[in-house]
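Thanks for coming. I have one structure to go through today, and I will start with a pair of side chains before turning to the chain as a whole.

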Amino acid sequence: MSDNTSRLGWPAVSLAVFATAWGGNEFTPLLVMYRQISGLSPVVVDALLFAYVFGIVPALLIGGPLSDRFGRRPLMLLAPVFAALGSVLLAAGSQSVALLTVGRVCSGIALGLSMAVGGSWIKELSDRDGARPGSGAGRAAMSLTAGFGIGAGVAGVLAEWGPKPHILPYALNIAIAIAAGVLLTRVPETRLRRANPGPLLDDLRIPAAGHRRFLFVVLPLAPWVFGAAASAYAIIPAVMAVRTSGAPIAFAALCCVLGLGAGFAIQSVGRRIDVPGTSRGVVVALTTLVAGMAVAAAAAHVMTVWLALVAATLLGCGYGMALIAGLLEVQRIAGPDDLAGLTAVFYSVTYLGFAVPALLAWISQTWTAVTYTEMFGFGAVAAVGCLGVVVAGHARNRPRIEEIVIDADVVDDGAVVTGQSR
């Protein structure tokens, strides 16, 4: 292996992960634009936000097992291809729901493959290079978070003030994805193809998903991860559109950056907040979400921009804390052979939270008397209900001693690892 090829290892994979995360979140700040230029109803536009879940979930659930069988490179090479294809379809489909839907699904497939395969490849390449334990986890997490935040921020700015707002944001992602795909072809493989892999169904079984602590502590939290994120950078900008008419897309991008930035920041201390053997991490996450929903309800009532930004930041903190607390619980519950699968199940449930904007838009359109203030208020009450379920679930299903040992390969200095195969 040449030095140049070795140096192209994990940075090249990280660039691919960055590109797919960018492609997955570049659509979010443009929701306001699509309502303006295409005449689509809020329900349809918000449903398009959720559409990429139909690509993410299958890619998450089968990407890891397939890469264990056939190697990391064959599966990961598909991620930038689908990212570029998704952006091409989104750029071409500003007036077509069908093209936008297929484009979002392609973006989801790319992101799911990156989370399931890219994180594993980065970890293995980092270990091969002699990096300190946990470096791969941090590199994978930072690549994803940077892609989510920068992609949304840049797309919002280009769509607000650049030419061809329905094309230019996607064109930049296409260029980055193509470059990442070319570099991936020079990255060394770390997983040999299995000679006699056996039935694929055997690899897809995840016994730990039936663990009572997973069912009653982790699952009640999971939908709130991206439910909170989507509320911060999809619902709040839509609610405040009448107050931000001078630059509505830029405001949506600002909500994205604030929410994801706050989520990234709290992850740096999240591991210290979460105490093995307790439910403190999950409780802090849900308590923060209750506060975020309450402030969002107040912002929707008084229609004050600065209060809306505070709500987006609080919801971002809730997103970040929920994500790291959930992954820490998953790490303690899963055995070595179940970690990738259980992480994929957790992520699959978290992405159901992207249905929240479409659901609230449908409620608002169907029952016009119901306000966003009331819906955010209901969200706060629902989070309190989930908090009660978690507290009771923890009391009845306390972890055993061997389940509370933190694995530094999964979380290192608060950085969240994404769907790693072992």
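With which residue does arginine 72 form a salt bridge? The partner is glutamate 124, and the closest N and O atoms are 2.7 Å apart. A salt bridge here is a side-chain nitrogen of Lys or Arg within 4 Å of a carboxyl oxygen of Asp or Glu. Arginine 72 sits in helix H6 (residues 72-76) and glutamate 124 in helix H8 (residues 97-128), so the pair links distant parts of the chain, 52 residues apart. Helices (H or I, at least four residues) and strands (E, at least two) are DSSP runs, numbered from the N terminus. Arginine 72 and glutamate 124 are both buried, where buried means under 20% relative accessible area, exposed over 50%, and partly exposed in between, with a 1.4 Å probe and protein chains only.

Before going on, the ground rules. This is a predicted model, in which local features need pLDDT of at least 70 and side-chain atom pairs count only at pLDDT 80 or more, while totals for chains, interfaces and linings use all residues. Residues are numbered from 1 along each chain as its sequence is written, and side-chain values use heavy atoms, with hydrogens and water left out.

The whole structure has 2 salt bridges. Arginine 213 and glutamate 329 also meet in one, at 2.9 Å from N to O. Because arginine 213 is in helix H12 (residues 212-218) and glutamate 329 in helix H16 (residues 305-333), this pair ties together parts 116 residues apart in sequence. Arginine 213 is buried, with a relative accessible area of 1%; glutamate 329, at 2%, counts as buried too.

Now the chain overall. There are 19 helices and 2 strands. Of the 422 residues, 58% count as buried. Take contacts, meaning heavy atoms within 4.5 Å: among those between residues at least 6 apart in sequence, 84% join residues at least 24 apart.

How much should we trust it? The pLDDT, the predictor's confidence in each residue from 0 to 100, averages 82 over the chain, and 87% of the residues score at least 70. Two stretches fall below 50. Residues 1-6 have 7 contacts beyond near neighbours in sequence, and residues 401-422 have 81. Where pLDDT is low, the predicted coordinates should not be read in detail.

Leu61, Ile62, Leu201 and Leu204 make a nonpolar patch of about 310 Å². Patches are made of residues with over 30% relative accessible area and no salt bridge, with like charges joined within 9 Å and nonpolar side chains (Val, Leu, Ile, Met, Phe, Trp, Tyr) within 5 Å. Areas are from the Shrake-Rupley method with a 1.4 Å probe; for residues, only the protein chains shown count as cover. Helix H5 (53-70) and helix H11 (200-204) each supply at least two residues of the patch. Leucine 61, in helix H5, counts as partly exposed because its relative accessibility is 34%.

Which residues does serine 348 touch, leaving aside its neighbours within four places in sequence? They are Val57, Leu60 and Leu61. Serine 348 lies in helix H17 (residues 339-350) and, at 10% relative accessibility, counts as buried.

Last, helix H4 (residues 42-51) is mostly covered, with 7 of its 10 residues buried, including Asp46 and Phe50.
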